[in-house]
Amino acid sequence: VHRTLIIVVNFNKSALLRRMLASLFAARPDVAPHLVVVDNASTDDSMGMLAGEFPGVKVLQNATNLGGTGG
């Protein structure tokens, strides 16, 4: 069985992240175990939104903004 890992990097884009995840789940309701959101120390409601609306998504929360490449 082929599995795809989807990694999304986020920084203060809660509304955009919500729309992207809603679209992804509409197309593939079974995607949660294969989805990781890496948050770069967002100060908006990204983490609360994820916990409340997409609780099955794995989240890696960085203490600082490491950028898209992590360095």
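This is a short walk through one predicted model, from its side-chain pairs to its surface.

First, the ground rules. Residues are numbered from 1 along each chain as its sequence is written, and side-chain values use heavy atoms, with hydrogens and water left out. Because the model is predicted, local features need pLDDT of at least 70 and side-chain atom pairs count only at pLDDT 80 or more, while totals for chains, interfaces and linings use all residues.

Let's start with aromatics. A pair of aromatic rings is described by the distance of the centres and the angle of the planes. The whole structure holds 1 aromatic pair. Phe 25 and Phe 54 are stacked, because their ring centres are 5.6 Å apart and their planes stand at 25 degrees. The rule: rings of Phe, Tyr and Trp (its six-membered ring) pair with centres within 6.5 Å; planes under 30 degrees apart are stacked, over 60 edge-to-face, the rest tilted.

Where do Phe 25 and Phe 54 sit? Phe 25 is in helix 1 (residues 14-27), and Phe 54 is in the loop between helix 2 (46-53) and strand 3 (58-62). Helices (H or I, at least four residues) and strands (E, at least two) are DSSP runs, numbered from the N terminus. Both Phe 25 and Phe 54 are buried. Buried is under 20% relative accessible area, exposed is over 50%, and partly exposed is in between (1.4 Å probe, protein chains only).

Next, charges. How many salt bridges are there? The count is 2. The test is a side-chain nitrogen of Lys or Arg within 4 Å of a carboxyl oxygen of Asp or Glu. Glu 53 pairs with Arg 18, closest N and O atoms 2.9 Å apart. Glu 53 is in helix 2 and Arg 18 in helix 1, so this bridge ties together parts 35 residues apart in sequence. Glu 53 is partly exposed at 42%; Arg 18 is partly exposed at 29%. Then Arg 28 meets Asp 30, at 3.1 Å, N to O. Arg 28 is partly exposed at 44%, and Asp 30 is partly exposed at 46%.

Now Asn 40, in strand 2 (residues 35-40). Buried or exposed? Asn 40 counts as buried, because its relative accessibility is 2%. Its side chain makes a polar contact of 2.7 Å with the side chain of Asn 62. A polar contact is a pair of N or O atoms within 3.5 Å; within protein, one must be able to donate a hydrogen and the other to accept it, and residues adjacent in sequence count only if both atoms are side-chain atoms.

Last stop: Val 9, in strand 1 (residues 6-10). Val 9 is partly exposed, at 43%.
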